Amino acid sequence: MDLPGLIDSHIHLTDFDPGTDIAALVSQAFENGVTHMVCNGTSEADWTQVQRVAEECPGVIPCFGLHPWFVVRRSKEWLSILEKLVRDHKCGVGETGLDRCADLLDKDAQEEAFRAQLDLAYRYDRPAMVHCVRSWGWLMDVLRSTQRLPRMVVHAFGGSTDMIKCLADMGAYFSFSATVLNDNFKRARTALFAAPPDRLLVETDAPNMVPPEPFRVYRLTGISGEMNHPANLATITNGIADLLGEEPDALRELLWSNAREFLGDLIKQ
């Protein structure tokens, strides 16, 4: 029986260096078993690019959102523009969330934008892609005070194990990157072990989060140094299977089922 495809639950195909052959990167990933990629937008500046990549590359699922790093640069019309994109396309909402490390930190603006995008995802029944950095208590406060939550994934999860049950009870999924393969990131690895199996997803976050050796099979060098290649998803998944004590094929079956449940009709067969 053929194995199900790998689904990259979080990637930024528009963040590679200018001139990068994105179609070639996607093709190489597909040759290594990846069938779908959830491509996240971060600001008004890249939403059109995300849409174009999704139209040109079968298997790329677009997401349009305002990342907390770019909240302070939003236009007055950002939410109406975003809603039109969500209304007119089969897409997710994100990347959105909270980040205390943003260069230009405006907590009120971040929370307002995050709440607006959660509401948008709920109203249009779309999955939300959530970013959280050093804001876990803040995140929980926002989610607990939100009456209508969409289905959501906390990407590159790095919170405590104590938060996992609370988030799972809210319907959250947990996506893990190559971070858990690094022996120094013990908190993320502990969270991986604690995540409910039926809520587990895997991502590259490419071009970010370059895997450690020996999982860095595909290499890509950019202006600022090495970038993560989306074709590394296969070795990342195998590494996570090894950590969990699972057979790689069994983990692939589980991840496919989880992603289908989370993404719904955004996955094209």
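Visitor: What makes α2, β4, β5 and α7 part of the lining of the largest pocket?

Guide: In this predicted model, α2 (44-56), β4 (92-99), β5 (128-133) and α7 (186-194) each supply at least two residues of that lining. A residue counts as lining when it has an atom within 4 Å of a point, so these elements contribute through residues that meet that cut-off.

Visitor: Which residues are closest to the centre of the pocket, and what is its volume?

Guide: The volume of the largest pocket is about 710 Å³. Of the 32 residues lining the largest pocket, His 131, Val 133, Ala 156, Asp 205 and Met 209 are the closest to its centre.

Visitor: How do you know what classes of residue line the largest pocket?

Guide: Sorting the lining by class gives 13 nonpolar, 12 polar and 7 charged residues. Among the residues closest to the centre is Asp 205, and Asp counts as charged.

Visitor: Which element supplies the largest share of the cavity lining?

Guide: That is α9, with 4 residues. At least two residues each come from β1 (6-11), β8 (200-202) and α9 (248-263). The lining includes Leu 6, Val 202 and Trp 256, and its classes are 7 nonpolar, 2 polar and 1 charged. Arg counts as charged, so Arg 252 is the charged residue of this lining.

How values were computed
Residues are numbered from 1 along each chain as its sequence is written. This is a predicted model: local features need pLDDT of at least 70, side-chain atom pairs count only at pLDDT 80 or more; totals for chains, interfaces and linings use all residues. Side-chain values use heavy atoms; hydrogens and water are left out. On a 1 Å grid over the protein atoms alone, a cavity is a set of points where a 1.4 Å probe fits but cannot get out, and a pocket is an open set with protein on both sides within 12 Å along at least five of seven lines; lining residues have an atom within 4 Å of a point. Grid points are joined across faces, edges and corners, and a volume is the space filled by probe spheres set on the points.
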